[in-house]
Amino acid sequence: MTQSERPGVWPGARPIDSPNQDAREKGEVSLLVIHAISLPPGEFGGPAIEALFTNTLDPNAHPFFETIAHLRVSAHFLIRREGACVQFVDTDRRAWHAGRSRWFDPRLSAAREALNDFSVGVELEGDGEHSFTRAQYERLATLTRWLMARYPLLNEQRITSHAHVAPLRKQDPGPCFDWAYYRQCLSRS
């Protein structure tokens, strides 16, 4: 089966397979985790994010890359500054994006760990110092609507940030992410 024939592949994204994925044990998708990434830090554009998620990052290309080239991480999606979207992992599979994390699931009235098991990870190209672009919010809203239509357990109350689920380790998407504007974009049909 080609990637375009898989139901967990969003037609609005350019597919690039990441080796950093595996099967979801229970098949549940009920949480969306929003991240932010820039490589090198504070710089946008270029191939470094895709290289990180495909284990091809050259540790000699930038001093910061020496510290992360060994990582085996991925996200389901990356939304670039201009709104272009790349999909690294089929949403029916588990991407390696949340790491050590914890989230209170109101549906179960319990805290849950191992969030990669039941979440979709979306990376926005950005950092904690620059505003995200209108194109990113619009693409994220379109993708979110597709995910909610595909996975009935996913709704607006089940969207969170990496900072919220890993507060001692992560700060993304950071203070420049406008949650109110994102929700406004999401409410548009």
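Two strands pair here if DSSP finds at least two bridges between them, and helices (H or I, at least four residues) and strands (E, at least two) are DSSP runs numbered from the N terminus. Val33 sits opposite Thr160 in E10.

Quick caveat: this is a predicted model, where local features need pLDDT of at least 70 and side-chain atom pairs count only at pLDDT 80 or more, while totals for chains, interfaces and linings use all residues. Residues are numbered from 1 along each chain as its sequence is written, and side-chain values use heavy atoms, with hydrogens and water left out.

E3 also has strand E9 (residues 119-125) alongside, again parallel, with 7 bridges. There, His35 stands opposite Glu123.

Buried means under 20% relative accessible area (1.4 Å probe, protein chains only). Leu31, Val33, His35 and Ile37 point one way, and Leu32, Ile34 and Ala36 the other.

Now the helices. The axes of H3 (residues 134-150) and H5 (residues 179-187) come within 8 Å and cross at roughly 55°; axes are lines fitted to C-alpha atoms, over the stretch in contact, and angles run from 0 to 180 degrees between N-to-C directions.

Technical notes: Buried means under 20% relative accessible area, exposed over 50%, partly exposed in between (1.4 Å probe, protein chains only).
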